[in-house]
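Please look at the chain shown below and follow its strands, its helices and the surroundings of its ligand in turn.

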Amino acid sequence: MSASEYNPPKVWTWNKDAGGRFANINRPIAGPTQEKALPVGKHPLQLYSLGTPNGVKVTVMLEELLALGYSGAEYDAWLINIGNGDQFTSGFVDINPNSKIPALFDRSVDSGVRVFESGAILMYLAEKFGAFLPKSYPKRAEALSWLFWQMGSAPFLGGGFGHFYAYAPVKIQYAIDRYAMETKRQMDVLDRHLAEHEYMAGDEYTIADMAIWPWYGALAQGVLYEAGEFLEVEGYSHVQRWTKQIAERPAVKRGRMVNRTFGKPESQLWERHDASDFDMKTQDKLQAGS
Ligand SMILES: N[C@@H](CCC(=O)N[C@@H](CS)C(=O)NCC(=O)O)C(=O)O
């Protein structure tokens, strides 16, 4: 069926056979599909995630906190395989009723605190440790504005452009044009801002950079949806400068390895339970995560 032939019926019904890259996990209902508890490790913070851009935001933040010497940020990172439906177990739904990674459980507080949504997790950690979120109100407002910009903008990049350009079973020009235009507009927003500022919130590296970089930095590097040439990302020179600057940070290099299950084997650390896990040989890492 071509896009132009579809006449919506009066009432929508779920066509399970509609196909598409995520057909096996997409459903029109929420809630758990199976009773299964989450594993719990030795550290105060338990992260249940996957090395996608939304997951990387949090592992970068945790590695940055540890690099600053906040030992309370020690964490166990457990792999949630969303392709297998791990996000629909009762244990995961208990800490994120929205069934999406990342989700965090902080065991160091009273009977425990659950936090879901990557932006909320970044803010929670920034406030808990007093780091990567400026204290002065004008700078804090700038950092939070860009943090929430990411939360509102990335669904157009991922769910809009990425879905229709890379994943949809049919190439629909209207949808690709619409979201390519919006994605390029967003890149231009960033480019103009980064022409005047070293980091998103000014001269300080903050959780706004950590939220935006995994999505828009990956797009700038041409690794997201393999759309670098299509969107002419090289032209966003200030985004390119900022992308490279952040990629050089040791904590970012570590954070992007955690819960990563794709790419070169040496870039993957499926689960992280100790700082020394990064030093393991590739084969050991794979075994630890399996
Ligand atoms: N707004 C959420 C988005 C999280 C999200 O979309 N996670 C995806 C992976 S990147 C997911 O878990 N998808 C599983 C599913 O949709 O079932 C956040 O920022 O935390």
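S3 and S4 form a hairpin with six residues between them, and Asp-110 in the turn has a positive phi of about 35 degrees. Asp-110 has this positive phi although it is not a glycine. Most residues other than glycine have a negative phi, and most peptide bonds are trans. This is a predicted model, in which local features need pLDDT of at least 70 and side-chain atom pairs count only at pLDDT 80 or more, while totals for chains, interfaces and linings use all residues. Residues are numbered from 1 along each chain as its sequence is written. The names used here follow DSSP runs numbered from the N terminus, where helices are runs of H or I with at least four residues and strands are runs of E with at least two.

## The sheet

Strands of a sheet pair through backbone hydrogen bonds, either parallel or antiparallel. Two strands are said to pair if DSSP finds at least two bridges between them.

How many bridges join S1 to S2? Strand S1 (residues 45-49) is joined to S2 by five bridges, and these two strands run parallel; here Leu-47 stands opposite Ala-77 in S2. S1 and S3, in contrast, pair in the antiparallel sense over four bridges, and the bridge partner of Gln-46 in S3 is Phe-105. Four bridges also join S3 to S4, which run antiparallel.

Two packed helices are described by the angle between their axes and the distance between the axes. The axes are lines fitted to C-alpha atoms, for helices over the stretch in contact, and the angles run from 0 to 180 degrees between N-to-C directions.

| Helix pair | Angle between axes | Distance between axes |
|---|---|---|
| H4 (residues 137-167) and H6 | about 30 degrees | 8 Å |
| H1 (residues 53-67) and H6 | roughly 140 degrees | within 9 Å |
| H6 (residues 207-220) and H7 (residues 237-247) | roughly 115 degrees | within 10 Å |

Angles under 35 degrees count as roughly parallel, over 145 as roughly antiparallel, 65 to 115 as roughly perpendicular and the rest as oblique. The angle of about 30 degrees between H4 and H6 makes H4 roughly parallel to H6, and the angle of roughly 140 degrees between H1 and H6 makes H1 oblique to H6.

A crossing is called left-handed if the near helix is turned anticlockwise from the far one by less than a right angle, and right-handed if clockwise. The crossing of H4 and H6 is left-handed, whereas that of H1 and H6 is right-handed.

Two residues are in contact if their C-beta atoms, placed from the backbone, lie within 7 Å. In H4, Ala-143, Trp-146, Leu-147, Gln-150, Ala-154 and Leu-157 meet Ile-207, Ala-208, Ala-211, Ile-212, Trp-215 and Leu-219 in H6. The residues of this contact of H4 with H6 divide into 11 nonpolar, one polar and no charged, where Ala, Val, Leu, Ile, Met, Phe, Trp, Tyr, Cys and Pro count as nonpolar, Asp, Glu, Lys and Arg as charged, and the others, Gly among them, as polar.

## The ligand and a cis bond

Which residues surround the ligand? A residue is near a molecule or strand if its C-beta atom, placed from the backbone, lies within 6 Å of it. The ligand is surrounded by Ile-25, Thr-52, Asn-54, Ile-82, Gln-87, Ser-99, Lys-100, Ile-101, Pro-102, Glu-117, Ser-118 and Gly-119. By class, the residues of this shell divide into four nonpolar, six polar and two charged. Among the residues around the ligand are Ile-101 and Pro-102, and the peptide bond from Ile-101 to Pro-102 is cis, with omega near 0 degrees. Pro-102 lies in the loop between helix H2 (90-95) and S3.
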